[in-house]
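Colleague: I am new to reading protein models. Could you walk me through one, feature by feature?

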Amino acid sequence: MLLQVKDLTVRYGGHLAVWEAGFTLGEGEVLGLVGESGAGKSTVGRALLRLLPEPGRIVSGAITFKGRDLLALPEAELRALRGAEIALIPQDPLAALNPAFRIGLQATDALALHRGLSRREGKGVMARLLARMGIADPEDALRRYPHELSGGMRQRVLIAIAFSCGPSLLVADEPTTSLDVTTQAQILRLLDGLRSETRVATCFITHDLGIVAHLTHRVAILYAGCLVEQAPTETILTAPRHPYTRALVGSLPLDGIMPALQGPPQACPFSDRCPERMAICDTAHPPLKSVGAGHQVACHLY
Amino acid sequence: MALLLEVRNLKTHYRLGGWLSGRRVLRAVDGVDLTLNSQQTLAVVGESGSGKTTLGRTILRLVEPTEGKIVLDGQDISRFSQARLRPLRRRMQIVFQHPYASLNPRKRVGRIVAQPLRVHRVPGDHRRQVGELLERVGLPASAANHYPHEFSGGQRQRIAIARALALRPDLIVLDEITSGLDVTVKLRVLALLNELQADFRLAYLFISHDLAVVRTVSDRVAVMYLGRIVEESPTPAIFERPLHPYTQVLKASIPEPAARGSWNPPVLVGDAPSPVNVPSGCRFHPRCPLAQAICREVEPELRELAPGRRVACHLAEA
């Protein structure tokens, strides 16, 4: 097992963003982390790199990567992993790039730091990667400032940076949400091509079930910080069990809004909006139960 | 079905200022023809930079047209003064994309929804009318006493819809109103729009980048590319068999969950050109997989290829 996350709990001050979430990721596997905004999916992704924005804290749990406990690692060793062994493709490419420096400089930071390449050597590596990403004139792109590139080009640059040091774990945090649909399709194709070539295990954070269907092997559904269902992608799409997953997959409108947890849940977080709510749903938090091969659900119905 | 809105050869050009940029012109909307019947929904679909938002705003005269006609109920309003437009504004309203920016954070919801009633000096008990409007969009009447920040994105969009309904308009322009919303909330808002359309006898101009959303709400779809409509069709037909090469790419680019394992999106060459630098001939030709010599030289007009289906392409066939 490449990555094992157990009982991960993350707090932002008085707000419990993730509650006892657990999942595993094998070599070359793609896990889709799905949920609506505020469900905690990006927080889980950031926690894997221990890069939570303030005042985020990992309160409890364990993250084991290649046999090493990431939560016990000193910051210096963690820095040696970030960008090298574990890479991140962020959601907003404009915010992720420094507007004051040319692409060539920032895109070669990871190669300089982790691989000891000179800037010139680094630019050579990046140019080849950018050409692979379908950028017609990579040398020109490396000379540009971020604002001179289109959104699609910027996201290609960030994907190239993520792949530059040959990571074994990739966290892709909604890498195409800010793009137009035709650009999104191109980027997803490129990303999936690179991923299957390099066999990098991927945590793909998204709210789009279409992306999940085409790019992932397994799916974990998050709701109000809780993992409510986990199963192979095929199973999630054809035989979802949790009422929330069924609403997502069946495109059913739901009334109400997702609650924000303050403390450990005393009830099912979905009960307010659930069409199949029972008395017990308001008095006890349902634990994850196994309901089939690799299929777990947190719902009192099962 | 009565014709409510007719747009002919509408153009909205922006002169780009600044002595560095010279006398360049951004052609946001560049010769659009469309019609909308009362109580119908026309969706305008396009990617960023296609001019769809400018088109919606120009039709409402929130942005000045450069050329062309906007005919509302037989009256060409494209040259009306703002004073003459004012009474007509009761009949056409808009809901904006960002419910965080379009609702004044310092006013209570009751005041926000009552604003159009005050501006147009509508007689009667405004407080009661506001309560009814809020309930009609699925909020409690007591919401009137709260501030916008106390509501979620979906609820704020409902407040904006209530404000647009206040004057009982015939036409509402809905500009990307579901783009910031989560999917289950989005579906709820779309269902509400369908209910309101029947109850208030509304026509919608539904502007969106999201073909999947458009499918559930619209009677007809117009696809925009670089300031022009490239295809217009009844909704089921355009999804069944898109005729313009751009619409085909657009549709094939959506990752459909049902098509798991067989998604093979076509690759468009490059990014969309800028509306400052519109290509010659067919504006889609530099990226079109089918482009031929004629496409580089002659701009295709919208042709009727099948009943109710118009396509601007030299090569498309029904």
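Colleague: Let me start where the chains meet. How many residues does the contact take from chain B and from chain A?

Modeller: Keep in mind that this is a predicted model. To read a contact, look at each side in turn: chain B gives 24 residues and chain A gives 26 residues.

Colleague: Which helices of chain B each supply at least two residues of the side that touches chain A?

Modeller: They are helix 6 (183-200) and helix 9 (245-253). Helix 6 of chain B provides the largest share, 5 residues. Sorted by class, this side of chain B holds 12 nonpolar, 6 polar and 6 charged residues.

Colleague: Now for the inside. Why would I look for a nonpolar core?

Modeller: In soluble globular proteins, nonpolar side chains tend to be buried together. Here the largest nonpolar core has 174 residues. Among those with the most contacts inside it are A:Ala160 and B:Val113. Helix 8 (residues 151-164) of chain A contributes the largest share of this core, 8 residues.

Colleague: Which residues does A:Ala160 touch, leaving out those up to four places away in sequence?

Modeller: A:Ala160 touches A:Ala107, A:Met126, A:Leu129, A:Leu130 and A:Met133.

Colleague: And what is the secondary structure of chain A?

Modeller: Chain A has 12 helices and 12 strands. Its radius of gyration is 20 Å, close to the 19 Å that the globule rule gives for 302 residues, so chain A is as compact as a globular protein of that length. Buried residues make up 49% of the 302 residues in chain A.

Note on methods: Residues numbered from 1 in each chain as written. Chains lettered and ligands numbered in written order. Predicted model: local features only at pLDDT ≥ 70, side-chain atom pairs only at ≥ 80, totals over all residues. Contact = placed C-beta atoms within 7 Å. Helix = DSSP H or I, 4+ residues; strand = E, 2+ residues; numbered from the N terminus. Nonpolar A, V, L, I, M, F, W, Y, C, P; charged D, E, K, R; others polar. Core = buried A, V, L, I, M, F, W, Y, C linked by C-beta atoms within 7 Å. Buried ≥ 20, exposed ≤ 12 C-beta atoms within 10 Å, placed from the backbone. Rg over C-alpha atoms; globule rule 2.2 N^0.38 Å.
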